[in-house]
Amino acid sequence: MALILNIDTATSVCSVALAKEGQILGIKENTEGLNHSVLLGTFIDELLKEFNMEVKQLDAIAVSMGPGSYTGLRIGVSMAKGLCYGGQKPLIAVNTLQALARSVSDKLKEEAWYCPMIDARRMEVYTAFFDRANRPMADTKAEIITRDSFAAILSARKVYFFGNGSHKTQTLITSPNAHFLENIESSAAYMTEIAEEKFREGHFEDVAYFEPFYLKDFVATVPKHKVI
């Protein structure tokens, strides 16, 4: 019976869930913005104290590996690695898009394709396609959305689009096979079953060398200054 601490900081949501055999015991979550560096450690401490637990009692640490926010991923993975090193625990990596897709496909139970989208600024999204069984049907990509995006896929089947990047695509993707779901955000709650399966399979990461799945290189921007 695996006891796993799940951490998700890949998007604007900061989320920590404690799960046993894939079932959530407790969760701490904030959806108000990118303040993960302040909240994450506090959420973990509060959650463990709530159940009178210490890191040494956990069986593993799972982290949302991306794609997503560069800074958010760094914060989550750094925290997960620190807990693994300190408690001598194995590290489990969960694909952010796959966890989000599973949360929807498990609920709808339809033989469709599921397309989670994470906002990557402007008209670009991080996205992938998964079938009803949560198997990847297309490679994860950073996709610039146009009126022709996914035309071949949508001509053949029903697709559900969701996630914090999907709202800006609705005016462009107008196929009758395209269905958009509102208010579905990433969460550590969606990681728990995948993390449990990976634990049972012994699918662990090398703590020393593991890096998040950024998908794109980080690009620093310089704020524009007004000319007076």
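This is a predicted model: local features need pLDDT of at least 70, side-chain atom pairs count only at pLDDT 80 or more; totals for chains, interfaces and linings use all residues.

Q: How many aromatic pairs does the structure hold?
A: Two rings count as a pair if their centres lie within 6.5 Å. Going by that cut-off, the count for the structure is seven.

Q: Are the rings of F161 and F180 stacked or edge-to-face?
A: Their centres sit 5.2 Å apart, with 20° between the planes. Planes under 30 degrees apart count as stacked, over 60 as edge-to-face. So the F161 and F180 pair, at 20°, is stacked.

Q: How many residues apart are F161 and F180 in the chain?
A: F161 belongs to strand β9, residues 159–162, while F180 is in strand β10, residues 178–180. The pair thus links distant parts of the chain, and the separation is 19 residues.

Q: Is F161 buried or exposed?
A: Buried means under 20% relative accessible area. F161 comes out at 0%, so the label is buried.

Q: How many disulfides does a search of the whole structure find?
A: A disulfide needs two cysteine sulfur atoms within 2.5 Å. For C14, the nearest cysteine sulfur belongs to C84 and is 17 Å away, leaving C14 in no disulfide. Across the whole structure, the search finds zero.

Q: What is the relative accessible area of C14?
A: C14 counts as buried, because the cut-off is under 20%. The value for C14 is 0%.

Key. Residues are numbered from 1 along each chain as its sequence is written. Side-chain values use heavy atoms; hydrogens and water are left out. Rings of Phe, Tyr and Trp (its six-membered ring) pair if their centres lie within 6.5 Å; planes under 30 degrees apart count as stacked, over 60 as edge-to-face and the rest as tilted. Helices (H or I, at least four residues) and strands (E, at least two) are DSSP runs, numbered from the N terminus. Buried means under 20% relative accessible area, exposed over 50%, partly exposed in between (1.4 Å probe, protein chains only).
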